[in-house]
Amino acid sequence: MLSRFSRFMSVLIAAVLMGTAAASEEPPWGTAKVQSIEYAPQKVVYDVAARDMDTFSRVLDRVSYLNNIYHADPFGTSIVLVLHGDEIAFFAISDFDKYKDLVTRAQSLTVGGTIDIRMCEVAARGHGLAPEDIHGFVKLVPMADAELVRLQQEEGYVYMQ
């Protein structure tokens, strides 16, 4: 009769051997293939209500990548971020030292003219901020929801969240 230890070792060895065999087999559906697609420049509006710096940083990543996919074409590409969440606080001039890297990155994305950052004036007031409290590369609009609707209905922007 096998001891407990011997049974344990037998099961362990069998599991290792099965795992090794399984790892060397091809996956049942193969592996993913990358589609080669050339995207035409578009007009896109992002509805941004980020709860923290990491979330907003990921939004900037997506926007930057999309701009690159569109080759930053100044004649066909227009990407607008409409801010109305907790990310508004990042753009307060008084907190520049605290959010310097993030705000500098956001500003640098606007330099080429294809990316525009707009902020809801109502939401800014809700954060205790007036226009003179916010960095100058940000444009204030009367209301985020109204701007999102206007850009989609009147200017043909595609909505992203």
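1. Let me start inside the sheet: tyrosine 46 has leucine 81 as its bridge partner in β2. Strands (E, at least two residues) and helices (H or I, at least four) are DSSP runs, numbered from the N terminus. Two strands pair if DSSP finds at least two bridges between them. Please keep in mind that this is a predicted model, in which local features need pLDDT of at least 70 and side-chain atom pairs count only at pLDDT 80 or more, while totals for chains, interfaces and linings use all residues. Residues are numbered from 1 along each chain as its sequence is written, and side-chain values use heavy atoms, with hydrogens and water left out.

2. Now for the overall layout. The protein has five helices and five strands, and from the N terminus on they follow the order α-β-α-β-α-β-α-β-α-β. Of its 161 residues, 33% count as buried; buried means under 20% relative accessible area, exposed over 50%, and partly exposed in between (1.4 Å probe, protein chains only). Among contacts (heavy atoms within 4.5 Å) with a separation of 6 or more, 72% come from residues 24 or more positions apart.

3. As background, strands of a sheet pair through backbone hydrogen bonds, either parallel or antiparallel.

4. You can follow the pairing strand by strand. β1 (residues 43-48) is joined to β5 by three bridges, and the two run parallel. Six bridges join β1 to β2, again parallel, and here valine 44 stands opposite isoleucine 79 in β2. β2 (residues 78-83) is in turn joined to β3 by five bridges, also parallel. Leucine 81 has isoleucine 117 as its bridge partner in β3, while leucine 81 is also the partner of tyrosine 46.

5. Which residues cover the two faces of β2? Ser78, Val80 and Val82 lie on one side and Ile79, Leu81 and Leu83 on the other, and all are buried. Six of the six residues of β2 are buried, so the strand is largely enclosed by the rest of the structure. In a regular strand the side chains alternate between the two faces of the sheet.

6. β3 (residues 115-120) is mostly covered too, with six of its six residues buried. On one side are Ile115, Ile117 and Met119, and on the other are Asp116, Arg118 and Cys120. Do have a look at Asp116 and Arg118, which are both among the buried residues. For β1, five of the six residues are buried, so this strand is likewise largely enclosed by the rest of the structure.

7. Valine 45 lies in strand β1 and counts as buried at 0% relative accessibility. The bridge partner of valine 45 in β5 is tyrosine 159. Leaving aside residues up to four places away in sequence, valine 45 touches Val80, Val82, Leu148, Leu151, Gln152, Tyr157, Val158, Tyr159 and Met160. Valine 45 and valine 149 are 104 residues apart in sequence, yet 10.0 Å apart in space, C-alpha to C-alpha.

8. Next, a helix pair. α2 (residues 53-69) and α3 (residues 96-110) pack at about 20°, with their axes 11 Å apart. Axes are lines fitted to C-alpha atoms, for helices over the stretch in contact, and angles run from 0 to 180 degrees between N-to-C directions. α2 and α3 are therefore roughly parallel to each other, a label for angles under 35 degrees. In this contact, Met53, Phe56, Ser57, Leu60, Asp61 and Ser64 of α2 meet Tyr99, Leu102, Arg105, Ala106 and Leu109 of α3.

9. Finally, two backbone angles to check. Most residues other than glycine have a negative phi. Histidine 71, in the loop between α2 and β2, has a positive phi of about 60° although it is not a glycine. Histidine 71 is exposed, with a relative accessible area of 56%. Alanine 72 lies in the loop between α2 and β2 and has a positive phi of about 45°. Alanine 72 counts as partly exposed, at 32% relative accessibility.

Note on methods. Parallel < 35°, antiparallel > 145°, perpendicular 65-115°, else oblique.
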